[in-house]
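Here's a quick tour of a single chain, for reading with the model open beside you. Have a look first, and then we'll go through it piece by piece.

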Amino acid sequence: MTRVLFIFLLIVLFPYTKSIGQQSDVYIKAGLLYDSKSNQLLPNKIIHIQGSTIKSITGFRKMDNDKKVIDLSDYTVLPGLIDAHTHVLFSQEANEDFAGHSIQTLTMESDALRALRGAKRAESYLEEGITSIKDLGNSGLYLDVALRDAINEGTIDGPRIFAAGPILSAVGGQVYGVTHQHQNIIDLEYRIIKSSEDAKNAVREHINQNVDLIKICADNLPNKAFLTVEEMSAIVEMAHSYDLTVTAHCITNESARNAIEAGVDGIEHGFNLTDSTLTLMAEKKIFLVPTENSRSYMETYAKLIGDDLNSMDWVGGYINKGKKRLMTAIEKGVPIVAGSDNYTKMGVSRGKSSKDMLRNYFEAGMKPLDILQSATYISAMHLNKEMDIGTISLMAYADIIAVKGNLENDFISTMDNVVFVMKDGKVYKNNVNPSK
């Protein structure tokens, strides 16, 4: 019996032992390393990576010739960026109506085609140094979860996806103008909440499908219905009991106040938040994910929808309103999480379009390192993953990028010049000198 047990253990454990021994050790020499937790740049660091995780961070030292070294001593090394508001399974032209295109997507685009197109968009994030995304619905019935799993198992390349599944919403979802007899189409994209008890069951359904967080629509303009405080409270209570966070789409200030009262963890968009609501968010440490775009993005968008550039006063108003709201939130101490919400076709890859969020925050007045912290450590905190991603620290995943330029004096150009991307210890982009 002992001999049989020994042979069994040898068969079972030997492959595991062998795989541990075969984990490759890689050393990255960072000329500057961005410490996202302390929000400062540290000179001359060596990052030791074993397999998919970071084993140590030390100062420069002489390396043995047999060590695999990636020399980034002429670059600034950062944690992989996080876009905390994406819709990777959805895309539309600038001049298309959201509702009409949503119906077309649901009725004329198969799940297989939709997932394949989403996979192509997802891969483009890596090229831009975005190694994680928080995907917030408009993704059919858990296609985001399927895409996440395909990436995690290595079937396709892409960023880490934190998937929300179908958005929990009041009747109608965000697809307006659908007649009563065709409301069943909405069920293909949203989980419609009918009562507080139904709200709890909706969270259970999502949990059974292995979502990473819950997204709700506190309001769903231009549809007139909205979730009640009682329904949102039921969602939050159930989600929190399973250690899932809840983030709320809010356009009106009233819906944001209701969501805050219900106990949500984050507010998405929040275009019309008042100063008093921002004060409340700061007190409760509720995250804000601003999703405005830069002036150049909005001017391109205006051209695509056929607006006359000489009569575009609305763009200036949009920019100024967003700037005032963002800077007020920062002054009050609201934790800011970087998110793009860019699903419109802009003539560039989805990943490239996503990075416009950094330009927007910079134009609004955020400091370069604060923007980076919002796109790394604070975003990771929002996901309860600050030990794993958004940081270059002991035992975190080896999600590491490098940029060429001066972050503090030439932020936009530097962030547009991503020369190296590693995710999970695997190099996806390397436009620097060959490894030694």
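This is a predicted model: local features need pLDDT of at least 70, side-chain atom pairs count only at pLDDT 80 or more; totals for chains, interfaces and linings use all residues.

## Strand 6 and its partners

Strand 5 (residues 81-86) runs parallel to strand 6, and four bridges hold the pair together (strands pair if DSSP finds at least two bridges between them). Strand 6 also pairs with strand 7, again in parallel and through four bridges. Strand 6 is well tucked away, with six of its six residues buried (buried is under 20% relative accessible area, exposed is over 50%, and partly exposed is in between, using a 1.4 Å probe and protein chains only). Helices here are DSSP runs of H or I with at least four residues, strands are runs of E with at least two, and both are numbered from the N terminus.

Residues are numbered from 1 along each chain as its sequence is written, and side-chain values use heavy atoms, leaving out hydrogens and water.

The chain's mean pLDDT (the predictor's confidence in each residue, from 0 to 100) is 92, and 93% of residues reach 70 or more. Take care with residues 3-22, though: pLDDT stays under 50 there, and the model has two contacts for them beyond four places in sequence (a contact is heavy atoms within 4.5 Å).

Helix 4 (residues 143-152) has seven of its 10 residues buried, including Leu 143, Asp 144 and Arg 148. Its cover includes helix 3 (111-127), strand 6 (130-135), strand 7 (160-163) and strand 15 (418-423). Just after helix 4, Gly 154 has a positive phi of about 85°.

Helix 7 (residues 253-262) also has seven of its 10 residues buried, among them Asn 253, Ser 255 and Ile 260. They pack against helix 6 (229-241), strand 11 (246-250), strand 12 (266-269) and helix 8 (275-284). Gly 263 follows helix 7, with a positive phi near 100°.

## The largest pocket

The largest pocket holds about 770 Å³ of space. Its lining counts 28 residues, and Phe 98, His 269, Phe 271, Asp 341 and Tyr 343 lie nearest the centre. Helix 9 (residues 295-304) gives the largest share of the lining, three residues.

On definitions, a pocket is an open set of points on a 1 Å grid over the protein atoms alone, where a 1.4 Å probe fits, with protein on both sides within 12 Å along at least five of seven lines; lining residues have an atom within 4 Å of a point. The volume is the space filled by probe spheres set on the points, which are joined across faces, edges and corners.

Leu 221 and Pro 222 are joined by a cis peptide bond, with omega about 5°. Pro 222 sits in the loop between strand 10 (214-217) and helix 6.

Lys 285 is a non-glycine residue with a positive phi, near 55°. Lys 285 lies in the loop between helix 8 and strand 13 (287-289) and is exposed, at 55% relative accessibility. Met 395, likewise not a glycine, has a positive phi near 75°; Met 395 is partly exposed, with a relative accessible area of 45%.
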